[in-house]
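Below are some notes for reading this model with the sequence beside it. Please take the points in order, and look up each residue as it is named.

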There are 4 protein chains.
Amino acid sequence: MDSIGIGLIGTGFMGKCHALAFNAVKATMGDVPRPRLTVLCDVDAAHTAQKASDFGFARHTTDWRAVIADPEVDLVSITTPNAQHREMAIAALEAGKHVYCEKPMALTLADAEAMAAAARKARGRTRLGYNYTVNPAIQHARRLVHEGAIGRLLHVRGQVDEDYMADPDLPWSWRCRAADAGLGTLGDITCHLVSLLHGLVGRITSLSADIAVAYPQRPMKDEPGKFGTVENEDIAQALVRFENGVTGVLSSSRAAHGRKSLIRIELHGSHGMITFDQERMNELELYVAEGDAATRGFRTILTGPAHPPYGQFCPAPGHQLGFNELKVIEAAEFLRAIAAHTPIAFDFEEGLAVERVIHGFVRSAEERRWVDL
Amino acid sequence: MDSIGIGLIGTGFMGKCHALAFNAVKATMGDVPRPRLTVLCDVDAAHTAQKASDFGFARHTTDWRAVIADPEVDLVSITTPNAQHREMAIAALEAGKHVYCEKPMALTLADAEAMAAAARKARGRTRLGYNYTVNPAIQHARRLVHEGAIGRLLHVRGQVDEDYMADPDLPWSWRCRAADAGLGTLGDITCHLVSLLHGLVGRITSLSADIAVAYPQRPMKDEPGKFGTVENEDIAQALVRFENGVTGVLSSSRAAHGRKSLIRIELHGSHGMITFDQERMNELELYVAEGDAATRGFRTILTGPAHPPYGQFCPAPGHQLGFNELKVIEAAEFLRAIAAHTPIAFDFEEGLAVERVIHGFVRSAEERRWVDL
Amino acid sequence: MDSIGIGLIGTGFMGKCHALAFNAVKATMGDVPRPRLTVLCDVDAAHTAQKASDFGFARHTTDWRAVIADPEVDLVSITTPNAQHREMAIAALEAGKHVYCEKPMALTLADAEAMAAAARKARGRTRLGYNYTVNPAIQHARRLVHEGAIGRLLHVRGQVDEDYMADPDLPWSWRCRAADAGLGTLGDITCHLVSLLHGLVGRITSLSADIAVAYPQRPMKDEPGKFGTVENEDIAQALVRFENGVTGVLSSSRAAHGRKSLIRIELHGSHGMITFDQERMNELELYVAEGDAATRGFRTILTGPAHPPYGQFCPAPGHQLGFNELKVIEAAEFLRAIAAHTPIAFDFEEGLAVERVIHGFVRSAEERRWVDL
Amino acid sequence: MDSIGIGLIGTGFMGKCHALAFNAVKATMGDVPRPRLTVLCDVDAAHTAQKASDFGFARHTTDWRAVIADPEVDLVSITTPNAQHREMAIAALEAGKHVYCEKPMALTLADAEAMAAAARKARGRTRLGYNYTVNPAIQHARRLVHEGAIGRLLHVRGQVDEDYMADPDLPWSWRCRAADAGLGTLGDITCHLVSLLHGLVGRITSLSADIAVAYPQRPMKDEPGKFGTVENEDIAQALVRFENGVTGVLSSSRAAHGRKSLIRIELHGSHGMITFDQERMNELELYVAEGDAATRGFRTILTGPAHPPYGQFCPAPGHQLGFNELKVIEAAEFLRAIAAHTPIAFDFEEGLAVERVIHGFVRSAEERRWVDL
């Protein structure tokens, strides 16, 4: 398979990120099928035409069903609001397309289950956009864990925080309504943490959670004195147990002033510890209980060519990859797996496992008890 | 009251720390009653004699009841193993002495309650050795919170980790037996975290906890092939609710490789955030949502004379206080409160509140449910 | 000008970096002329053909003069070894092309002067690849300095260190021979520091330097027992004076174990301080002498949309740009300036000023005295 | 020798620091002669009486010659302004006393030479208060260097910065007048850096320096509109060569906003690197070029009992020593050396070597050339 036709739905934050990745992936990696930028889709025709030109797409449309019907399109990238994921993904799968869907998977657990069911029956392959999981630093952490560098895993901590909803004066928006946005923090960012831990530790099988709304009412934009109700959580935390018996603690907030992209992970092992923070995504901290006590300490590993596929981007260590380049790695993995019929690290099945956890938070918090997933 | 006679029971880690504090407090602070180092007590006579000479105590004994009976002793410092706190503290209180007791308060919640009951009836004042709470950085954080610098408190995170039990080959010891040591991590270090949060946020009123033993069996020292059972927790975490409705997450481990004295606190407010880590105890991180977005960031505040009572130790900022100097501050506070009959920040009543939390962890974990305290 | 034809000479480290930038720049920025990837050139035909296919170039050649002669080529990117820059750049300028040349400018100061002279006479525009200077964090630092956020500049420190020559057992290579490589550390990395400081502070006008060779002999590869002489410096440092009277200190080493891409800058002002480190290229440290002494501290600013053109890459702050994305910014600036006939931040004239400094290091060190530049 | 009689001259910043050290040293270390706090001296009688009481001195006086004449005084601690060091130290030495003198040694190089000459002829021992050199982290760095942990030393960097003179509006004071204060930054803080490097690397033998006054005029206190001239340097930097041929760079400023006690050292070796910063004085950074490239990194070593004499203060690692505790270590070293007639790490001879360097800065800067020391 020399090339793969791409239909991209959405031109916003993650739509552009997909476009950049498809533009870069062949030049970066070499050994991947070439993505053909076939058709770009968004709701506004003029805007979409402009973006198609900028992004290098051959055609553009405002009809997402046309993307899916397009015979030149092999792979459909879905970067639209969450509420549309289910319909688009299932339609694309039924049309025999590969589906590259941004996270979170869907609005509700039922939606995610329907999507996974469709994927099981489909010829097309699926991938979710959990791009933090392909960071060379994270891939190296996974290797270290699996090689036993820190011994047996004992305990895990995870935090994910941003501050895009930290300002109490931020007006009410669709993000605050469950029918539009589904979950709050859990769907936006906690799911990233869960995706990382499922790869590093194993699946979470039970949890006891608590959730909170920081600001139950937000002012309505341009309607002085009116307020809208915030229907989803700003803050969420849980005690968790993994399938291998490891205990852990997760916490997350979209109202955490000063945090821009913090995803902090601590892996406690019987022989050492690994920590990571996405705000310093090119670094990994490693402590190994070896050697003279007087010279032990957490070491800061800067990623470089020793941490594949960093070397595809730059032959010099410590020069730093960026957020967008994680999407290039992810796209390369997906394109290669499609061409070679090999397993996909984060397909809809894996995505569903993440959804079970984040929706489990809400169930546990509402019932105020431990729940099994 | 010009001077206060000190009887110190215990010459180990914290015994020496008390001795150093009593030697330093008058020279450091000036405005405190002078501690008279009256009598030192420990179990080995020769060792105690030597330490009395080194520490500058006038007399020494191996009979702790003699310390309490000594008419020149006004204040009894108890730095012995936890199992002895109850008997010694109550005897000292009944003898009309002031009692300065190291943490954790006691072996069991019942013991702690008995001690608090004795204190309520006694003439003598009480203080627990939660010395981290008097750190100028922590006192400043408390002021910032109470002045509203970070707005309304929304959420709290706390971690406390050390690695003194992280090595799986470390032999079994009395620390592993409930009858001798009581709790594990919870009594050793989690209590410090709780003591800090009670001061910064308010009292914890309910929690859902999980605890784990990292290494259920440890090799018996000098008995090849034999193993002893570890009866108390290595790892403990909880979701918590504070009296003011704030939610939080606590986690702690004495098996956290690489951590030597980590006590990390995050205070999430509606207008900013404060973080602290005891391993960098002279620093405080503050983020305030003010000013141009392009220049906002967490600032690292180095403690100095602007953070009382730092200036009593050194007139130059950023020169660093040490762990032992926190005990000097604590001792000064206690001596001043005794002399002036003013309230004591961490008396047995406050200590009992901490004990309720750490014993609540065990109850919640055993019953696998939220518990009210 | 809708599009600009690109001829790229070189497919190595920086050749690929240019190719990635030209692939990404239109999709990232929108408002730039579209680069047409016209022809790629390198010495090995098969390799070049493969890279042309991967990078998306329409044609390929092994004859760099053919690139310059190509009527469809408007802009020639030169990413070859330094010894070839002079000939290629002058030929391209004489052919009326725009020239985008990687740093350092040339092998010798005379070469750089000849290139700058050719540029002065040419119709084509020039740009040097000092991509660190376009980092949003650095651009923000420049704004802060110019707006007076840290008051009057008093003093400057700069460090640039890597460890690609730190291993004493690394075999001798062309990098060690002056005729091939020209300068050592000074040409490889010190020039980056100078380029940054010229933008942040002003031009350096005099200096007193010292240079050293860490390992005067290196083993010849595959010739056991034979050694080659290292003809250029591993370590270089200087006291400097800037045109505005500010004093400074620069130091640099390519033999600095553990440093991968460290470029540390300190700008001392009468009202505050700014520091930066390229190994954490998405962060800027700012201290301003304002407000309550108890809350002052260095703040860590994470770059985001408030720091243009970060927002072109990602609408969410703190998500991190990478090294390659700096080249996208640089390419965009060059393409826009060509189209709009506006000034270019780092043309050959600016590049020559950097060369004067790094060659001034050698002169000062050899003559063991202060030199004017 | 069971005990040593102490006469302390000065009750300010460093006077109190000495008093605290003498109060703590026996209890902390055990194996030292007991300091007898014989007599305290300062200029104001009432103040001195109060301090003598607080510090635990048996007697007090306002006549420093009486301290030196006192037959019960064996050791004279001099913590007065620099201008008085020469006269007091020589008088004490001539009276047969041991002299413990705060840094810098004296006002002028001639003064320092006279003091060293007096020490050579005296029976008493001498020690300068370069307390940063006894930090367990620094002692460990010295061991690592001497054991070859980072291979052969290639290059050294050092910085020392504070901001006590950073505010341009700070009024003129005696610190600005050469006749009272001698040197500026060089005498206050650069000397600390030199003291550390002499121990870690070897003696500096030549240098090329530059110095600058940040604010040549300062407002006179309580004299509106009047200004005084600043006669000594705010900023000083130098290229240096050590006796073993190692090159280095030193820089320092007392006008460095935000720096409170920064002393940053980088030791570049052929096999690794060590860095240290006094603002995090309980940490040492170590990089060793060993093991898998993918797991190499700078490790942060937290000092603990593995770094003597930390364990004398606290048996638990990472609990942090403070600035004042460095003086306890220094005092213990001096007392032990006096009792045992063993060499002293930082006697007047070593102090003179430091003075030669800092006065060499001024000579080099004035003559604008390299100078040999």
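1. A:His341 counts as exposed, with a relative accessibility of 64%. Keep in mind that this is a predicted model, and that "exposed" here requires a relative accessible area over 50%, so the value of 64% for A:His341 places the residue in that class. The residue sits in the loop of chain A between helix H10 (323–340) and helix H11 (348–367), and it has a positive phi of about 55° although it is not a glycine.

2. A second residue of chain A with a positive phi is A:Arg368, which is not a glycine either and whose phi is near 55°. It is found in the loop between H11 and strand E17 (371–372) of chain A, and with 36% relative accessibility it counts as partly exposed. These angles deserve a second look because most residues other than glycine have a negative phi.

3. The bond from C:Lys103 to C:Pro104 is cis, with omega near -10°, and C:Pro104 belongs to the loop between strand E5 (98–101) and helix H5 (109–121) of chain C. The bond from C:Pro308 to C:Pro309 is also cis, with omega near 0°, and C:Pro309 is placed in the loop that lies between strand E16 (298–302) and helix H9 (310–313) of chain C.

4. Is strand E14 (residues 272–277) of chain C enclosed or open to the outside? Six of its six residues are buried, so the strand is largely enclosed by the rest of the structure.

5. Strand E13 (residues 262–269) of chain C is joined to E14(C) by five bridges, and the two run antiparallel, forming a hairpin with two residues between them. On the other pairing, E14(C) and strand E15 (residues 283–288) of chain C are antiparallel over four bridges, and these two form a hairpin with five residues between them.

6. Turning to the whole of chain A, one counts 11 helices and 17 strands. Its radius of gyration is 21 Å, close to the 21 Å that the globule rule gives for 373 residues, so the chain is as compact as a globular protein of that length. Along the principal axes, its C-alpha atoms fill a box of roughly 65 × 55 × 40 Å, and of the 373 residues 67% count as buried. Among the contacts in chain A with a separation of 6 or more, 69% are between residues 24 or more positions apart. The accessible surface of chain A is about 12000 Å², and 50% of it belongs to carbon and sulfur atoms.

7. Finally, how are chains C and D related? A rotation of 180°, with 0.0 Å of shift along its axis, superposes chain D on chain C with an RMSD of 0.0 Å, which is the relation of a two-fold axis. The same surface serves both copies, as 100% of the contact residues of chain D recur in chain C. Of the residues of chain D, D:Arg369 comes closest to the rotation axis, with its C-alpha at 3.0 Å.

Notes:
Residues numbered from 1 in each chain as written. Chains lettered and ligands numbered in written order. Predicted model: local features only at pLDDT ≥ 70, side-chain atom pairs only at ≥ 80, totals over all residues. Heavy atoms only, no water. Buried < 20%, exposed > 50% of the residue type's maximum accessible area, 1.4 Å probe, protein only. Pairing = 2+ DSSP bridges. Least-squares fit on C-alpha atoms with pLDDT ≥ 70 in both. Contact = heavy atoms within 4.5 Å. Rg over C-alpha atoms; globule rule 2.2 N^0.38 Å. Areas by Shrake-Rupley, 256 points an atom, 1.4 Å probe, with all protein chains shown as cover.
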